[in-house]
Amino acid sequence: MRAVWYDRQGPAAEVLQSGELPTPQAGPGEVRVRLHASGVNPSDCYRRAGTSFPQEYPRVIPNSDGAGIVDQVGDGVMRLQVGRRVWLYNGQRNGRAFGTAAEYIALAEHLVTPLPDNVSFAAGATLGIPCMTAWCCLFGDGAIAGQTVLVTGGAGAVGHYAVQLAKWGGARVIATVSSSAKAEQARLAGADLVIDYKAEDVIARAMAFTGQRGVDRVVDVDFGGNIATTLKLMAMNSTIAVYATNGNRNPVIPMRELMERCIALRSLVLSALPPPLLAAAQADISKWLAAGERIHNIAAQFALSETAQAHLAVEKGDKLGTVIVDCSR
């Protein structure tokens, strides 16, 4: 099969190679997917660059997320059949060296979810890490109907899905953004209030929106960078769900203030969450997709041989949505 891989970590243009590798076979409990699209997430770039993760295996096919068609099933597979359109996550995680920057991937059936016919493969490849992370941040502690949710970075890959899912879950949604273009994206996703944190007073606007009560839940793209602001707008018995903290990787946490206001801190990395929660996320995302038209932001698309350029597009930091690699060309 055609694939892209690296044998050492470093800059994308220097370490990513393309060529032919053996086509994987579906083992017991696995399905093989003929990939049509691969989603590139920041964590995929960190792993390849070596900035946050050591080299895990002698050879790695990058990228965790993807979408395609099941073309082979292993012994014991009951839920999926050959010919089924699917999306998948954690392709290159948790003991798997070979991800989705290839024509085929073989992985455990529980990581693979049916993809509706009206959702393109490119859109399906945006679901994995972004949509699963958004769901777990929102619903990891139960229903959110009637709550007020703040999504920081409401136009980002995770944030944009979080806004849509929170509205579907019955919450009022505040989204923070950094530009007028991103504000429009957050509004299209359904945010009830959009705040440009570079030009507006986030605390004043959020507190006014909630009648000075504060927000019940935050889906936070940068815990360390936002904590000084976030703590000023949390309601009693509220929750901060954290999936990144790049602004300050080692923040000082004011525990006494969290304790006195019973603010829960839920930190998560998708690949480490318990299987029942992940299964619930997949099931709910399927219900959400079936319930109406959804917005799947695709920032750019590249051919498989252009995977290095796709990684560079993610690392540039100005994308709106998910960068996609087209595995069929």
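This is a predicted model: local features need pLDDT of at least 70, side-chain atom pairs count only at pLDDT 80 or more; totals for chains, interfaces and linings use all residues.
View 1. The largest cavity has a volume of about 40 Å³. Its lining consists of Thr126, Ala157, His160, Tyr161, Ile295, His296, Asn297, Gly321 and Thr322. Helix α5 provides the largest share of this lining, 3 residues. By class, the lining of the largest cavity has 3 nonpolar and 6 polar residues, and no charged ones.

**View 2. The largest pocket.** This pocket has a volume of about 1400 Å³. Of the 48 residues that line the largest pocket, Pro42, Val221, Tyr243, Ala244 and Asn246 lie nearest its centre. Helix α2 (42-49) gives the most to the lining, with 4 residues. Other elements that each supply at least two residues include α4, α5, β9 (172-177), β13 and α11 (307-316). The lining of the largest pocket divides into 23 nonpolar, 18 polar and 7 charged residues.

**View 3. The second largest pocket.** The space in this pocket is about 200 Å³. It is lined by 13 residues, and Thr152, Thr176, Tyr197, Asn226 and Thr229 lie nearest its centre. At least two lining residues come from each of β8 (148-152) and α8 (223-230), with α8 holding the largest share, 4 residues. The lining of the second largest pocket comprises 5 nonpolar, 7 polar and 1 charged residues.

**View 4. Helix α10 and its packing.** Helix α10 covers residues 275-290, and its end C-alpha atoms are 23 Å apart, which agrees with the 22 Å that its 16 residues should span at 1.5 Å a residue. Among the buried residues of α10 are Leu277, Ala281, Ile285 and Trp288. The buried residues of α10 pack against β5 (85-88), β7 (112-114), α4 (128-139), α5 (157-168) and β13 (264-267).

Note on methods. Residues are numbered from 1 along each chain as its sequence is written. Side-chain values use heavy atoms; hydrogens and water are left out. The expected span of a helix is 1.5 Å times one less than its number of residues. Buried means under 20% relative accessible area, exposed over 50%, partly exposed in between (1.4 Å probe, protein chains only). Contact means heavy atoms within 4.5 Å. On a 1 Å grid over the protein atoms alone, a cavity is a set of points where a 1.4 Å probe fits but cannot get out, and a pocket is an open set with protein on both sides within 12 Å along at least five of seven lines; lining residues have an atom within 4 Å of a point. Grid points are joined across faces, edges and corners, and a volume is the space filled by probe spheres set on the points. Ala, Val, Leu, Ile, Met, Phe, Trp, Tyr, Cys and Pro count as nonpolar, Asp, Glu, Lys and Arg as charged, and the others, Gly among them, as polar.
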